[in-house]
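Please look over the sequence and the fold first.

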Amino acid sequence: MAIDNFMLKTDAARELYSKVKDLPIFDYHCHLSPKEICEDRVFKNITELWLEADHYKWRVMRIAGIDEDYITGSKSDYEKFYEFCKVFPNFIGNPVYHWAHMELKKYFNIDLPICEENAQTIWDKTLKVLSTGKITARSLIKSSNVDTVITTDDPRDDLAYHKAIAKEDIGFKVLPCFRADGLININIDEFANYITGLEQTVGFGVQDIDNLITAINARLNYFVHNGCVSVDCSIRDFPKYYNPTKLNANIAFQKKLEGYTLNDEDIANYKFFILKEIARMCHKKDLVMQIHAGVIRNQNAKRYRALGADSGGDCVGNPIDTNALGRLLDRIEHKGHIPKMIVYTLNHNDYNRVATMLGCFAYGSAGRLQLGAAWWFNDHREGIVEQVKVTANTLGLGYFNGMLTDSRSFLSFPRHDYFRRILCSIIGDFVTMGEYKLDDNLIKIMQNICYYNAKNNFQIKDVKE
């Protein structure tokens, strides 16, 4: 795969790309391990870097019929890598195919196609580089020109690794994000146990909704004290509006803790109330509220039991109930508490509906409410093009926060380059067709989308001792 002009099909695209390609990266949502960054993990081989925890690549291998023993099982690292290479040419056009070749080029200067014939050569070349011990978690982030990494962290976390990192001058920032799923998703079996763990963290009982709000606020204050600039909420869909009063949310909460089965109205009342309260806190503390919706998780029960969550058993969900989203935003707006917000949907059919609904509540500051970047199963060329064009058509592309990695891999930063190339191709077409002049103003807009908007919107606060 030729890299130099990859995705850049016009002179205008190539000119724009030359103005953004060397910008730093502000990665405002990822799943990198703070522990591995803190300890500066050394990677022994390409399998550890590529296949150890990357469910994108696991899905590729399963689709190709590779036995699980070569994916997450006991086979040797080389055997796993070889099986991956053997089937990889069949995934032409898949973003994983693009990313993997970009990663090989950037970090190892290898231009070879990934295939069975080249497996041994690629293994040997990467092993030679990795055997020096210089390819570490931190070195990969530094060499990727990363300004800031925002990880995804459980509210009960003590943030010990973030604290330790903050005491060092490592050349980039690593900030926590308050991932509120366990607090919101009352319908999951583990919810009561989660609240027990929360009680142990905060040091007081959480038996009713007032206790819960106090606990959430205390933990969020702790996160902000340690550099947090964002709250992230992953939900399957936006809860319908029944009667989400504090009383009804409390009834649902206590029923769940006592082991009773909740009906749909109980679940919706609780989720609606908690999301509204989290939005209020985000507004007060000037945090970005990120909401990931439209995903169905852990569909393969056997694999979930064996490997746990985030193991390749998730899929695109049904279209979002836009009325429910609108009702939630309306109730938050009624109290004057809409924070800076990014709404991601895994179902690309929702793009236009979500974007136009967000536009109904825009106020206060430019780009306050945004349709999130093409996420997960959409972060391929067509998905990015569609998301960018919907944003341009409905919300104001110049205010868009740009791309993120959403990844557990320390080699994933070329996804920002992938996005920048596709963005430049789209806008290059606008220029070629006479829709926009390629001037300093356009270059500034492109640079804002690729870096400065995210950096400015996620306002970093000083970490307090």
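The sections below describe a strand and its neighbours, a pair of helices, and a loop residue in this predicted model.

Strand β5, residues 230-234, pairs with β6 in the parallel sense over 5 bridges. Strand β9, residues 340-345, also pairs with β6 in the parallel sense, over 6 bridges. M289 of β6 takes part in both pairings: M289 is the bridge partner of V231 and stands opposite M341 in β9.

## Helices α19 and α20

Two packed helices are described by the angle between their axes and the distance between the axes. For α19 (residues 414-432) and α20 (residues 440-457), the angle is about 155° and the axes are 11 Å apart. The angle is over 145 degrees, so α19 is roughly antiparallel to α20. Their crossing is right-handed.

From α19, the residues F419, R420, L423, C424, I427 and V431 meet L442, M446, I449 and C450 of α20. By class, this contact has 9 nonpolar residues, no polar residues and 1 charged residue.

## Residue E190

E190 lies in the loop between α10 (181-184) and α11 (191-202). E190 has a relative accessible area of 40%, so this residue is partly exposed. From E190 to G93 the separation is 97 residues in sequence and 39 Å in space, C-alpha to C-alpha.

Key. Residues are numbered from 1 along each chain as its sequence is written. This is a predicted model: local features need pLDDT of at least 70, side-chain atom pairs count only at pLDDT 80 or more; totals for chains, interfaces and linings use all residues. Side-chain values use heavy atoms; hydrogens and water are left out. Helices (H or I, at least four residues) and strands (E, at least two) are DSSP runs, numbered from the N terminus. Buried means under 20% relative accessible area, exposed over 50%, partly exposed in between (1.4 Å probe, protein chains only). Two strands pair if DSSP finds at least two bridges between them. Axes are lines fitted to C-alpha atoms, for helices over the stretch in contact, and angles run from 0 to 180 degrees between N-to-C directions. Angles under 35 degrees count as roughly parallel, over 145 as roughly antiparallel, 65 to 115 as roughly perpendicular and the rest as oblique. A crossing is left-handed if the near helix is turned anticlockwise from the far one by less than a right angle, and right-handed if clockwise. Contact means heavy atoms within 4.5 Å. Ala, Val, Leu, Ile, Met, Phe, Trp, Tyr, Cys and Pro count as nonpolar, Asp, Glu, Lys and Arg as charged, and the others, Gly among them, as polar.
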